[in-house]
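Here's a quick briefing to read with the structure open beside you.

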Amino acid sequence: MKVVLVGYMASGKSSIGRALADDLELNYVDLDSFIEKEMGMSIQQIFSNRGEIFFRKKEYETLGQILKNENDIVLSTGGGTPCYGNNMQTILDHSDTSIYLQLSIPSLVERISQEKDSRPLVQNIKDEDLPEFVGKHLFERRNFYMQAKETVICDGKAIREVVDEIKTRLL
Ligand code: S3P
């Protein structure tokens, strides 16, 4: 069984992915952490030392490598993963299911404002500019996320509730 989680930055892909993998007795793989380990650099260092284009290429290659070689996994992607190249198609072709963790713009803004520093795309954006940035960015990315087989609305829900809802969709 291969389950792939997609969604905007700070939508809970990693924490939900870890809990879901535990429940389903699958291995948990985090695409960003996998890349960080392989490169021996944080995502932030990769962006600042090698640039975003390099990161996107690495992300594309690593996604293909994991989905083609690993079985029995829950894979959390990065917020931009489904939106570049043919990554969303790769996800659809090589997973049993894919889930979009959907959150409203205000919820995303609230979460991102608390965890900006580790995220190169938002770390230099002032708090007062975040709602406009996230709104526009999500508008560009939403069509990719919406291609996932399932969409789970996560606003106001605890990790446990989201995990349980995902499990009912897998039945
Ligand atoms: C990105 C999201 C990040 C990480 C990189 C780029 C994006 O992952 O892959 O900073 O383009 O939205 P998270 O969604 O885990 O923050």
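Is Ala-10 buried or exposed? Ala-10 counts as buried, because 22 C-beta neighbours sit inside 10 Å and the cut-off for buried is 20 or more. Bear in mind that this is a predicted model, with an average pLDDT of 97 for the protein chain.

**Confidence**
- For the protein chain, 100% of the residues score a pLDDT of at least 70.
- The complex gets an ipTM of 0.98 from the predictor, and its pTM is 0.98.

**Around the ligand**
- The ligand has these residues around it: Met-9, Lys-13, Asp-32, Ile-43, Gly-78, Gly-79, Gly-80, Arg-119, Pro-120 and Leu-121.
- Sorted by class, that shell has four nonpolar residues, three polar ones and three charged ones.
- The polar class takes in Gly, and the shell includes Gly-78, Gly-79 and Gly-80.

**Two positive phi angles**
- Ala-10 sits in the loop that runs between strand 1 (2-6) and helix 1 (13-24).
- Phi of Ala-10 is near 65°, which is a positive value in a residue other than glycine.
- Asp-72 is another non-glycine residue with a positive phi, near 55°.
- You'll find Asp-72 in the loop between helix 4 and strand 3 (73-76).
- Asp-72 counts as exposed, because it has 12 C-beta neighbours inside 10 Å and the exposed class covers 12 or fewer.

**Helix 3 against helix 4**
- Helix 3 (residues 43-50) packs with helix 4 (residues 52-69) at an angle of about 125°, and their axes are 7 Å apart.
- On the helix 3 side, the contact is made by Ile-46, Phe-47 and Arg-50.
- Helix 4 brings Glu-52, Phe-54 and Phe-55 to the contact.
- By class, the contact of helix 3 with helix 4 has four nonpolar residues, two charged ones and no polar ones.

**Helix 4 again: Asn-69**
- Asn-69 lies in helix 4.
- Asn-69 counts as exposed, because it has 9 C-beta neighbours inside 10 Å.
- His-94 is 25 residues away from Asn-69 in sequence, and their C-alpha atoms are 10.0 Å apart in space.

**Helix 1: Ala-19**
- Ala-19 has its place in helix 1.
- Ala-19 counts as partly exposed, because 19 C-beta neighbours lie inside 10 Å and buried would take 20 or more.
- Not counting residues up to four places away in sequence, Ala-19 touches Ile-159 and Val-163.
- Ala-19 and Ile-105 are 86 residues apart along the chain, with 24 Å between their C-alpha atoms.

**Helix 7: Pro-131**
- Pro-131 lies in helix 7 (residues 130-145).
- Pro-131 is partly exposed, because it has 15 other C-beta atoms within 10 Å.
- What does Pro-131 contact, leaving aside its neighbours within four places in sequence? Pro-131 is in contact with Ile-105 and Val-109.
- Pro-131 and Leu-24 are 107 residues apart along the chain, and 36 Å separates their C-alpha atoms.

Definitions and conventions: Residues numbered from 1 in each chain as written. Predicted model: local features only at pLDDT ≥ 70, side-chain atom pairs only at ≥ 80, totals over all residues. Axes fitted to C-alpha atoms, helices over the stretch in contact; angles between N-to-C directions. Helix = DSSP H or I, 4+ residues; strand = E, 2+ residues; numbered from the N terminus. Contact = placed C-beta atoms within 7 Å. pLDDT = per-residue confidence, 0-100. Near = placed C-beta within 6 Å.
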